[in-house]
Amino acid sequence: STPWCSRGNGAVPGERGKQDKSVKRGNWGNQIEFVLTSVGYAVGLGNVWRFPYLCYRNGGGAFMFPYFIMLVFCGIPLFFMELSFGQFASQGCLGVWRVSPMFKGVGYGMMVVSTYIGIYYNVVICIAFYYFFVSMTRVLPWTYCSNAWNTPDCTGVLDRNLSSRAALNLTLLNDTQKRTSPSEEYWRRYVLDLSDDIGNLGEVRLPLLGCLGVSWVVVFLCLIKGVKSSGKVVYFTATFPYVVLTILFVRGITLEGALTGIMYYLTPQWDKILDAKVWGDAASQIFYSLGCAWGGLITMASYNKFHNNCYRDSIIISITNCATSVYAGFVIFSILGFMANHLGVDVSNVADHGPGLAFVAYPEALTLLPISPLWSILFFFMLILLGLGTQFCLLETLVTAIVDEVGNEWIIRKKTFVTLGVAVAGFLLGVPLTTQAGIYWLLLMDNYAASFSLVVISCIMCVAIMYVYGHRNYFKDIEMMLGFPPPLFFQICWRFISPAIIFFILVFTVIQYQPISYNDYIYPTWAISIGFLMALSSVICIPIYAIYKVCCSEGDTLLERFKNATKASKDWGPALAEHRSGRYAPAFSPSTESHLEVQPLHCGEAPWVGRAGQGGGASASHLPAPSWRWQAGLPPLPYPLDAETTHLMVIPTSPGPTNPANF
């Protein structure tokens, strides 16, 4: 059998082998669960309702070039940084900032952003639930214009009185009249019962409130045991959307006019590559689509085993996310092309993005298909699953941050109740978004709460890790964890290229800023001010906590306080003692020295079991001569070390808190 001293995990007889598992926090059941959860987190509603439209508006196939450039130089490096950051420390978005305590405000900023997104994201899921339920009928309720909520302007593509002349009117022959589709009136006048102003909340839409309750119950039940339960759910929620996408894709490309829609989506307009807006949109879409700076990536990676290859995972997940976006474009534009062909209009007249695509344009296109309720059920079920995959991680981010921050045994045992409390709070905060003015508030949160603040948070995180903690230290940490340092390309991206691109996104966002509007409704100044306050509320955490930390740090001068506030805390490093080697090895206090006895052990000798001196000698000529470094502060070695000595056992000689340690 293999001698105990040459075992890779450093175990000794009578001692449990190293399992690379955190019993206290828990781990993913296996690596597939982590990858699927991260794919579900990154692949969300934006992949379906934002990317295809951006691609079509920014040069079609030509947009793919800046999109993939930004993926390589910004998306994948940032993704790898956040995964490695969380995995190394096995902590959520607050605990990881032991690396430089002054920047813990970045973690609080991530929590604030995740809170905002979690509130409104589940409202979008609840609307998808509503459409999913009402699709369970023989005729979709938005097919015809003969309903109580329809207006005289309504013109359905399947109405019996729709003549060829009426179809031509769909192209807006005169500027004073515009066709209103039954799906749009169903959305605005029935589902939302939209009020005329963001300040006029009106009444709560009870069907939406009920669906919001269903959404939060589903999320809570899937997270009731943390990653142990959500890790099993993602086998379905992360994979089934691809089944639905494929079904809709096959159905879409077989329709007349589908090729026209796909050509609109893909035809390159190379002149647009020189447009800065195209590059800005590409960078922004990569950044927001991957979920960087939300705290979710750090949280999910914190449940990985210490030596997991997160470098490989980051590449797989990032590429899968972007490939899904491109694939979804075929699904969306094949159906929209068919609809445009049916109406005799240009594809640009039916193309839309955001809620307008998901709940107006695409549902209307589905009414043209045979067995339209089936396709509608599949489409909205896909939206529900895409949304839930992201929502799981948003809720787990908040719960993990709270539990890790408190850190005692009681709250770890009561983690389910923490999850329940956060879910109930999320439901109550989402109730105003189910009112008649709810869609105004939802879009306000979407445009301001999680926009430029994410860019600021990510930029500060890069600077804190690379330049305050130090790039050399971080590269050594990754080498210690993965067995190899980050590739040179990633080192350059982390230090120079990615921060520069993030800064470019920030400048682009500011330059391209336009006040928010919804269709013809212009938001009032006070509402936009609230939007800016939401954006500021996450960013302001960073300087406030930094000032607090500097004031509380030790030091006679401001400079000393600043240095102590930015210096990594003593408990920074791998969470499990078995991984804390090298500069993270625990130092012994002077009070411990008197309780330690040091003796050399040769390979083949049994470790000390009874009293010093037991164990037989055996040659170890096949082993290379070890190089020894005795840690400062320990008692002097009573034995000379030779090439035969491969282990030292430190043994307590009197009762005390120190257990035997294997060096």
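At what angle do the axes of helix 1 and helix 16 cross, and within what distance do they come? The model is predicted, with local features requiring pLDDT of at least 70 and side-chain atom pairs counted only at pLDDT 80 or more, whereas totals for chains, interfaces and linings use all residues. Residues are numbered from 1 along each chain as its sequence is written, and side-chain values use heavy atoms, without hydrogens and water.

**View 1. Crossing of helix 1 with helix 16.** The axes (lines fitted to C-alpha atoms over the stretch in contact, with angles from 0 to 180 degrees between N-to-C directions) of helix 1 (residues 31-42) and helix 16 (residues 372-406) come within 7 Å and cross at roughly 110°. The two helices are therefore roughly perpendicular (65 to 115 degrees) to each other. In contact (heavy atoms within 4.5 Å) are Thr37, Gly40 and Tyr41 of helix 1 with Leu386, Gly389, Thr390 and Cys393 of helix 16.

**View 2. Packing of helix 8 with helix 18.** Helix 8 (residues 206-222) and helix 18 (residues 415-430) pack at about 160°, their axes 10 Å apart, and are therefore roughly antiparallel (over 145 degrees). Residues of helix 8 including Leu209, Trp216 and Phe220 meet residues of helix 18, among them Leu420, Ala423 and Phe427.

**View 3. The kink in helix 20.** Centred on Gly470, helix 20 has a kink of about 105°, the bend being the angle between axes fitted to the seven residues ending at a residue and the seven starting there. Helix 20 (residues 452-482) spans only 33 Å between its end C-alpha atoms, whereas a straight helix of 31 residues would span 45 Å at 1.5 Å a residue. Just after helix 20, Gly483 takes a positive phi of about 90°.

Note on methods:
Helix = DSSP H or I, 4+ residues; strand = E, 2+ residues; numbered from the N terminus. Expected span 1.5 Å × (residues − 1). Parallel < 35°, antiparallel > 145°, perpendicular 65-115°, else oblique.
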